[in-house]
Amino acid sequence: MKSGVAWSKSCWLIFEYSVRSVFVRKASWAGTLAFAACLAILFPFSFGTELIQKAEIRHGAFWAINEFVVALTVARLFTLEAESGILEMLLSTGVSRSALLAGKIMFVVLYLLSLQIPLLGVWIVFYNVPNASIISLAPIILPMLLLFNLGTGTIGALLACVTARSTGRDLLMPLLFYPLQLSVLLGAVSLATYSDPGVVMLAGTQGSSWWTILLGVPALFLSVGVLLSHALFQE
Amino acid sequence: MTILKCEEVELKVGYKTLIRNFSLELSSGESLAVVGPNGLGKTTLLRTLCGVGKPYRGRVFLGEQMLWPQSDDNKPSARLCYLASQPALFLDHSVSANLEFYVRSHAMDWDVQLGKEALGSVGLGGRLQQTARTLSTGQKRRLTLAFMIIVKPELLLLDEPTNGLDTEGVSLCLQLLSELRRESKSAILIATHDQQLIDWCGKAVDLKRWAP
């Protein structure tokens, strides 16, 4: 019981200070949002302006932009702590390594969501999403975003721990991250497309399979992370 | 009471052996300076003793708890305090936020009044809301001294603690360490080249003895 309380306090401490760091360095959050918004606006032009009206590309575009946001966020998840020596200090204290990992996952989920909500607005405006689609998508897009963020955040935090103190971090992160995260991305894109009445889909996989993937991936990687938390941060 | 015990520890960086068969015992209220030329492994030794680094061979105990080889619950004691040669700070956060983080990460509750007193006693009383980035090197070091005042660790591992401190700062550091050793019975291990600190410790081990 006592160790559970200590674990929760440590987890909250990591989450709280990660959030506070965003508040004191707003430029990083605003910069990512501006970059993603520019992408959202410019992306359709790569297909030619006549295609902007087509519903088929809008979901793919939204999640592709999300991938850029994810890449920018996950790549520097432990950078601040590693470069300032805070990570080393934390590892020498009583802070549980699994709490450190869990705190960072909680932070990624919230951080990504804080960027995705304004991006959703940009997407609705620039991709001519009809009213009917917004109404039908709204109840499904939020849980989907949460699960996407949880899956992505769990994989990202796990890999960021492993590579935090590696000199090959910049090369290793994308090489390891994208293949593992692909199933989460496919699940999110497919579910969003299935849920949109404006999109006519050919016969294919049922939506429930994608929900299973969106639920299963974070569960799997979270378990691996907690079980291997000692080894994850070891030099 | 023995706080720190190392048995036959061997440290490597890559394939290079730094020290071999290093053994040490440190009891509460005792202080010891670790000296030796640059690159011999003083910092690596301290990082290993606090659980950040990993020895190639040997055993390390913190009190009754075995830190190396890894046991089921090998995370270091909450009452261990390791201060690296470069102060570990959130540079964009305030002085008081940094102190709060440090205190809470040592599983202690944050007491604002206690924090103010600790900062006051290291000469940072008027700088609570100042961003850590704007502090001088010596002031950052003083902030890390404030951590020690609050945490009162059982084992204190210090890597070049007087780096960047002026004469007054060095005296303050020695005074604080003396208080911790006397009143809190902290065991103190210091990696240093500073003769004043070596003299204060009273005992010193030269790592050259264990170099291969």
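In this predicted model, the contact between the two chains takes 26 residues from chain B and 22 residues from chain A, two residues being in contact if their C-beta atoms, placed from the backbone, lie within 7 Å. On the side of chain B that touches chain A, the elements giving two or more residues are β6 (80-83) and α2 (95-105) of chain B; α2(B) gives the most, with three residues. Helices (H or I, at least four residues) and strands (E, at least two) are DSSP runs, numbered from the N terminus. This side of chain B divides into 13 nonpolar, nine polar and four charged residues. Ala, Val, Leu, Ile, Met, Phe, Trp, Tyr, Cys and Pro count as nonpolar, Asp, Glu, Lys and Arg as charged, and the others, Gly among them, as polar.

Residues are numbered from 1 along each chain as its sequence is written, while chains are lettered from A and ligands numbered from 1 in the order in which they are written. Because the model is predicted, local features need pLDDT of at least 70 and side-chain atom pairs count only at pLDDT 80 or more, whereas totals for chains, interfaces and linings use all residues.

Chain B contains an open sheet of four strands in the order β2-β1-β4-β5, with antiparallel pairing; strands pair if DSSP finds at least two bridges between them. β2 (16-27) and β5 (65-68) of chain B stand at the edges with a single partner strand each, so one side of each is left without a neighbour in the sheet. Neighbouring strands are turned by 20° against each other on average, direction ignored. Helix α1 (residues 42-49) of chain B packs on this sheet, touching β1, β2 and β4 of chain B, and its direction makes about 125° with that of β1(B). Axes are lines fitted to C-alpha atoms, for helices over the stretch in contact, and angles run from 0 to 180 degrees between N-to-C directions.

β1(B) and β2(B) pair over eight bridges, and five bridges join β1(B) to β4(B). Bridge partners of β1(B) residues include the following.

| Residue | Partner | Strand of partner |
|---|---|---|
| Leu4(B) | Leu62(B) | β4(B) |
| Glu7(B) | Arg59(B) | β4(B) |

In chain A, helices α2 (residues 26-42) and α6 (residues 97-126) pack at an angle of about 20°, with their axes 10 Å apart. α2(A) and α6(A) are therefore roughly parallel to each other, a term for angles under 35 degrees. Their contact has eleven nonpolar, one polar and no charged residues.

Technical notes
Parallel < 35°, antiparallel > 145°, perpendicular 65-115°, else oblique.
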